[in-house]
Amino acid sequence: MSVSNQHDYDYLMYMIKTEEKTIDNSVLTEMMPRWFPVKRVQRNTHDTFTIDLEPPDGNFKFDPGQFNMLYMFGVGEVAISISGDPAQEQILIHTIRAVGSVTKRMWELKKGDYIGVRGPFGTHWPVNESVGNDIVIIAGGIGLAPLRPSIYRLLANRDKYGRIVLLYGARTPKDILYRKELEGWRARFDMEVHVTVDRAYADWKGMVGVVTTLIPRAHFDPMNTTAMICGPEIMMRFTIQDLHKRGVDYENIYVSMERNMKCGIGFCGHCQYGSSFICKDGPVYPYSAIKDLFVKREI
């Protein structure tokens with residue numbers, strides 16, 4: 001069940017304070033969840049939703065690409081990328097697909113419920129490091145959610161970058177995330193947006209095909225481009241190949257990796273990826289750093 005009333009919340013706070021007497025304080029920061037009230041729940045698609053959380057301290061700082069461990073009392077904990085605006089520290093936003101026992105229970109959350117949060121964890125998209133470059137953002141499905149904070153930060157500092165290109169692919173028109181924002185970004189004169197779907201309906205007037213078919217349409221200087229990619233691994237594999245054929249150096253291509261993360265601090269080993277741990281050394285990697293691992297599909 002979720003923590004759905006103040007009595008449950010007060011009880012949990014009492015239990016946490018009691019446990020603090022026997023747990024080292026340095027561990028508490030990373031391993032003990034803080035309880036955030038749910039401010040809003042919004043349905044995005046038939047299986048995807050966004051929750052807005054209110055930080056108990058009034059603000060929450062993170063970098064684009066980082067994730068949190070979200071804990072449902074009595075159910076379990078999952079790693080979810082932060083999908084809100086880094087400049088809006090008074091609200092913490094996650095977009096989630098209901099696919100497992102924990103996320104399906106999160107689907108039932110409503111305003112006033114409480115959820116445990118640990119984080120932020122992990123590495124970030126190279127937004128600050130790419131000043132002066134063209135930026136190409138390529139997302140598949142819910143992979144747009146971890147990239148959305150980087151888009152917010154890029155647009156907030158628009159004069160520091162060259163071209164900004166967003167290429168987004170979804171399974172069907174009904175699976176498109178953040179439709180209104182996509183329309184708003186496309187309407188800007190300083191951002192290039194292309195959207196495609198794998199399968200379309202009769203009333204769909206847009207592109208049909210995998211997201212890599214959008215790369216030839218995009219305008220950017222491959223010798224001066226930073227690419228950020230998030231989506232299914234097979235989609236990222238072909239996207240990297242096509243970007244490299246276009247002339248983008250592997251060192252300037254960044255990907256966000258997913259594995260079964262449990263602790264968030266590289267302790268439990270569930271997300272080991274070669275010699276690294278995705279929760280600590282990722283999830284965002286320069287492709288050049290994991291190229292030898294990435295081509296081995298069994299890892």
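**Close-up views of a predicted model**

**View 1. Residue T50 lies in strand β2, which covers residues 48-53.** The structure shown is a predicted model. T50 has a relative accessibility of 5% and therefore counts as buried, the cut-off for that class being under 20%. The side chains of T50 and T95 are joined by a polar contact of 2.8 Å. Leaving aside residues up to four places away in sequence, T50 is in contact with R40, V41, Q42 and N44, with I93, H94 and T95, and with Y178.

**View 2. An open sheet is built from seven strands with mixed pairing.** The strand order is β10-β9-β8-β7-β11-β12-β15. At the edges of the sheet are β10 (207-208) and β15 (284-286), each of which pairs on one side only. Strands of a sheet pair through backbone hydrogen bonds, in either a parallel or an antiparallel manner.

**View 3. Strands β12 and β15 run antiparallel and are joined by three bridges.** Strand β12 comprises residues 253-256. Y254 has P286 of β15 as its bridge partner. Helix α8, formed by residues 287-294, packs on the sheet and touches both β12 and β15. The direction of helix α8 makes an angle of about 95 degrees with that of β15.

Note on methods:
Residues are numbered from 1 along each chain as its sequence is written. This is a predicted model: local features need pLDDT of at least 70, side-chain atom pairs count only at pLDDT 80 or more; totals for chains, interfaces and linings use all residues. Side-chain values use heavy atoms; hydrogens and water are left out. Two strands pair if DSSP finds at least two bridges between them. Helices (H or I, at least four residues) and strands (E, at least two) are DSSP runs, numbered from the N terminus. Contact means heavy atoms within 4.5 Å. Axes are lines fitted to C-alpha atoms, for helices over the stretch in contact, and angles run from 0 to 180 degrees between N-to-C directions. Buried means under 20% relative accessible area, exposed over 50%, partly exposed in between (1.4 Å probe, protein chains only). A polar contact is a pair of N or O atoms within 3.5 Å; within protein, one must be able to donate a hydrogen and the other to accept it, and residues adjacent in sequence count only if both atoms are side-chain atoms.
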